[in-house]
Amino acid sequence: SGLYGILPRDIARNLALSVLDVAGAPAQTAKICRPGNTVVVIGGGGKSGLLCLYEAKKRAGVTGKVICIATPRSAKRAESLGFADHVLVCDATNAVEVYNAIMEVTDGKLCDVVINCVNIENTEMASILSCKDDGTVYFFSMATSFTKAALGAEGVGKDVNMIVGNGYTKGHAEITLQCLREHEGLRKLFQE
């Protein structure tokens, strides 16, 4: 059952391996985002986050809304690619700050899909509070405490579906490599 992938001929080996390292995140994003969804990617300025922003924008379409939450430095990367309708500089460990920012840009409706790609602890509640009831929170971050997420959602009375980050999703390599083929700016950023 071990996984393998065929390295593409049109993408340099180092670039392909770099992107395949986080291939589960954009592929899972492609799987859970629907046209018209409001999607937030927490940690959207990082490697996996940028790929998720791209897939979210593609899948949510013109009727959807994509929001990026990033640090000041990584927000510039996200803004330069233009995948997000809103790029918010917030401290992802401050759940109330993130919640208030999301409430403002969604006119109080919150998000259908929340994707957490940050690599620091204590961002579970920011993710949960950003999601509307019956929405989906995808924790790709391996810094996630699933105890905090489960008990936190219960504690604040949030009925959300939570997905545990998994580096494998069917078609993950193909979907992620296709992102680089489709968007020259994304490819150039990864090359740099």
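**Pockets, a helix and a loop**

Mentor: α3 (47–60), β2 and α4 (72–81) each supply at least two residues of the largest pocket's lining. Helices (H or I, at least four residues) and strands (E, at least two) are DSSP runs, numbered from the N terminus. Keep in mind that this is a predicted model, where local features need pLDDT of at least 70, side-chain atom pairs count only at pLDDT 80 or more, and totals for chains, interfaces and linings use all residues. Residues are numbered from 1 along each chain as its sequence is written, and side-chain values use heavy atoms, with hydrogens and water left out.

Trainee: Which element gives the most to that lining?

Mentor: α3, with 3 residues. The lining has 22 residues, and Gly 43, Cys 117, Val 118, Asn 119 and Ile 120 lie nearest the pocket's centre. A pocket here is an open set of points on a 1 Å grid over the protein atoms alone, where a 1.4 Å probe fits, with protein on both sides within 12 Å along at least five of seven lines; lining residues have an atom within 4 Å of a point.

Trainee: And what about the second largest pocket, what lines it?

Mentor: 14 residues line the second largest pocket, with Tyr 4, Gly 5, Ile 6, Ala 173 and Glu 174 closest to its centre. Helix α8 (residues 172–182) brings the largest share, 5 residues.

Trainee: Switching topic: which residues of α5 are buried?

Mentor: In α5 (residues 95–105), they're Ala 95, Val 98, Ala 101, Ile 102 and Val 105. Seen down the helix axis, they fall within an arc of 135 degrees, so they line one face of α5. That arc is taken from the directions from the helix axis to the C-beta atoms. Buried means under 20% relative accessible area, exposed over 50%, partly exposed in between (1.4 Å probe, protein chains only).

Trainee: What's on the face turned away, and what covers the buried side?

Mentor: The face turned away carries the exposed Val 96 and Glu 104. The cover over the buried residues includes β1 (38–42), β2 (65–70), β3 (86–89), β4 (111–116) and α6 (124–130).

Trainee: Last one: where is Thr 144, and is it buried or exposed?

Mentor: Thr 144 sits in the loop between β5 (131–139) and α7 (146–155), and it's buried, with a relative accessible area of 10%. Leaving aside neighbours within four places in sequence, Thr 144 is in contact (heavy atoms within 4.5 Å) with Glu 124 and Phe 139.
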